[in-house]
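Visitor: I would like to learn how to read a model of this kind, feature by feature. Could you take me through it?

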Amino acid sequence: MSDLKLRVKQMIIERLKLEGMAPDQIDDLAPLFGDGLGLDSIDALELVLGIEQVFGVKIEDEAAGLKAFKSVQSLTDFIAEHAKS
Amino acid sequence: MTDITAHLPHRYPFLLVDRVLEREPGLRVVAEKLVTIGEPYLQGHFEGRPLVPGVLLLEMLAQAGGFLEADSLHDAAIFLAGVQDARFKAPALPGDRLRLEVAAVGAFAGLMKVKGVVTCEGRELCTATLLVKRL
């Protein structure tokens, strides 16, 4: 697991209080919302705030969110692409 | 700002903001609620020992938060979607001048997160994070 992907998973677990869940229990490609982790719109806001705080990356609107929140893999890619180096 | 009813659709006995002292739409609001022994909910909460129900302190913060919106809420469909980390540290009593401070934390997809604190003469009575949804 890449270092960034692991940090993304740790942020998700911490921010959404998924107590008892380990990073390797989150499937890289499973959808975050709906069937996969089953997150809702309040979780989406928490993730937006967490991503900004931890990685300094802003998710500006729903269109960007739709793309970023497909899976852990797509979220990791989105952060890598937009993070200030 | 004193024209509270022009902005909020709430009415007696459920209008729980008397005055807005400071207001930066989208950022922060400071408002006031003056508690009197005449409040209807104090008649039974509790007999002989009136104190403002904690949930109404949360409602006061939510109503104060309505002033974060630039426009009047009369035609807006805005609802409370969540309450996180609510703490009640001391009771609010008849005669108290409550200071309601609300600050925006962030927003995404029609959902806004705000932090609120109710104080009285510098003492913290209640702190909470509220989630508000615009439909």
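**Reading hairpins, helices and a contact side**

Guide: Let us begin with a turn: in chain B, strand 4 and strand 5 form a hairpin with two residues between them, and B:A109 in that turn has a positive phi of about 50°. Please keep in mind throughout that this is a predicted model.

Visitor: How many bridges join strand 4 of chain B to strand 5 of chain B, and in which direction do the two run?

Guide: Nine bridges join these two strands of chain B, strand 4 and strand 5, and they run antiparallel. As an example of residues facing each other across strands, B:A107 stands opposite B:M112, which belongs to strand 5 of chain B.

Visitor: What joins strand 5 of chain B to strand 6 of chain B?

Guide: Strand 5 of chain B is joined by ten bridges to strand 6 (residues 123–134) of chain B, again in an antiparallel arrangement, and B:K115 has B:T129 in strand 6 of chain B as its bridge partner. These two strands also form a hairpin with two residues between them, where B:E121 in the turn has a positive phi of about 50°. As a general idea for reading such strands, in a regular strand the side chains alternate between the two faces of the sheet.

Visitor: Which elements does chain A have?

Guide: Chain A has four helices and zero strands, so that, as a WHY of its overall form, we may turn to its size: a compact globule of 85 residues would have a radius of gyration near 12 Å, and chain A agrees with this at 12 Å. Its C-alpha atoms fill a box of roughly 30 × 25 × 20 Å along the principal axes, and 25% of the 85 residues of chain A count as buried.

Visitor: Which residues are buried in helix 4 of chain A, and why can they be said to line one face?

Guide: In helix 4 (residues 72–82) of chain A, the buried residues are A:V72, A:L75, A:T76, A:F78 and A:I79. Because they fall within an arc of 160° when seen down the axis of helix 4 of chain A, they line one face of the helix. Their cover includes helix 1 (3–15), helix 2 (41–55) and helix 3 (62–68) of chain A.

Visitor: How many residues of each chain are in contact with the other chain?

Guide: Nine residues of chain B are in contact with eight residues of chain A. On the side of chain B that touches chain A, strand 4 of chain B gives the most, with three residues, and by class that side has six nonpolar, two polar and one charged residues.

Notes
Residues numbered from 1 in each chain as written. Chains lettered and ligands numbered in written order. Predicted model: local features only at pLDDT ≥ 70, side-chain atom pairs only at ≥ 80, totals over all residues. Rg over C-alpha atoms; globule rule 2.2 N^0.38 Å. Buried ≥ 20, exposed ≤ 12 C-beta atoms within 10 Å, placed from the backbone. Contact = placed C-beta atoms within 7 Å. Nonpolar A, V, L, I, M, F, W, Y, C, P; charged D, E, K, R; others polar. Arc of directions from axis to C-beta. Pairing = 2+ DSSP bridges.
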